[in-house]
Amino acid sequence: MIFYISLAVVVAICTELSIRLTSKAMRLFFLFFAAVIPSFFAAVRDGIGTDYHAYISIFEEARTSSESRIEWIYYYINFVVAKLGGEVEVVFFIGALLLFLFVYFSLSKRCEVLSPGIGMFVFMLMYYQMSLNATRQVIAMAIILYGIKFIEERKFLK
């Protein structure tokens, strides 16, 4: 548990610095760590959740080009990774990276009302340790959260 709290603190600090610093290079540096560090650890967790082995099966189905009842975008991420010779951990990394990037961009658009570091810290404590099926659902929620800014700006096509 100490590891996850420490990770949440590091990611929160990196998130805050990536928004508050004025140097673009330093902001990108801290954004990289705010997204990649937790994505890496999410990818290498072995056997987390009750559905871990189901995701291994989905990846193996994609590797053998058989049909799956999973969402088509997630299936094609599995398919492309498998055909490029990657392992299931790469799929887990991509999913976590998408999740963290959408949460990060959503928080960065609201930095005038909420500290992005605190927002990321709360997100890490509440959602980081979830099982894989919840991860897919939270990715969808993060995309919707990010899309709210386009609704507010009346840019409905985006």
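User: How many disulfides does the structure hold?

Analyst: This is a predicted model, and the structure holds zero disulfides. Cys14 takes part in none; its nearest cysteine sulfur, that of Cys111, lies 17 Å away.

User: Is Cys14 buried or exposed? And what about Cys111?

Analyst: Cys14 is buried, its relative accessible area being 8%. Cys111 is partly exposed, at 24%.

User: Changing topic: how many residues are in the largest nonpolar core?

Analyst: That core has 21 residues. Those with the most contacts inside it are Leu99, Phe100, Val103, Met120, Phe123, Met124 and Tyr128.

User: Which helices each supply at least two residues of this core?

Analyst: They are α1 (2–20), α2 (24–44), α5 (88–108), α6 (116–127) and α7 (132–152). The largest share, six residues, comes from α5.

User: What does Val103 touch?

Analyst: Leaving aside residues up to four places away in sequence, Val103 touches Met120, Phe123 and Ala142.

User: Which residues does the second core include?

Analyst: The second core is separate and has 14 residues, including Tyr52, Ile58, Tyr74 and Ala82.

Conventions
Residues numbered from 1 in each chain as written. Predicted model: local features only at pLDDT ≥ 70, side-chain atom pairs only at ≥ 80, totals over all residues. Heavy atoms only, no water. Disulfide = S-S within 2.5 Å. Buried < 20%, exposed > 50% of the residue type's maximum accessible area, 1.4 Å probe, protein only. Core = buried A, V, L, I, M, F, W, Y, C linked by side-chain atoms within 4.5 Å. Helix = DSSP H or I, 4+ residues; strand = E, 2+ residues; numbered from the N terminus. Contact = heavy atoms within 4.5 Å.
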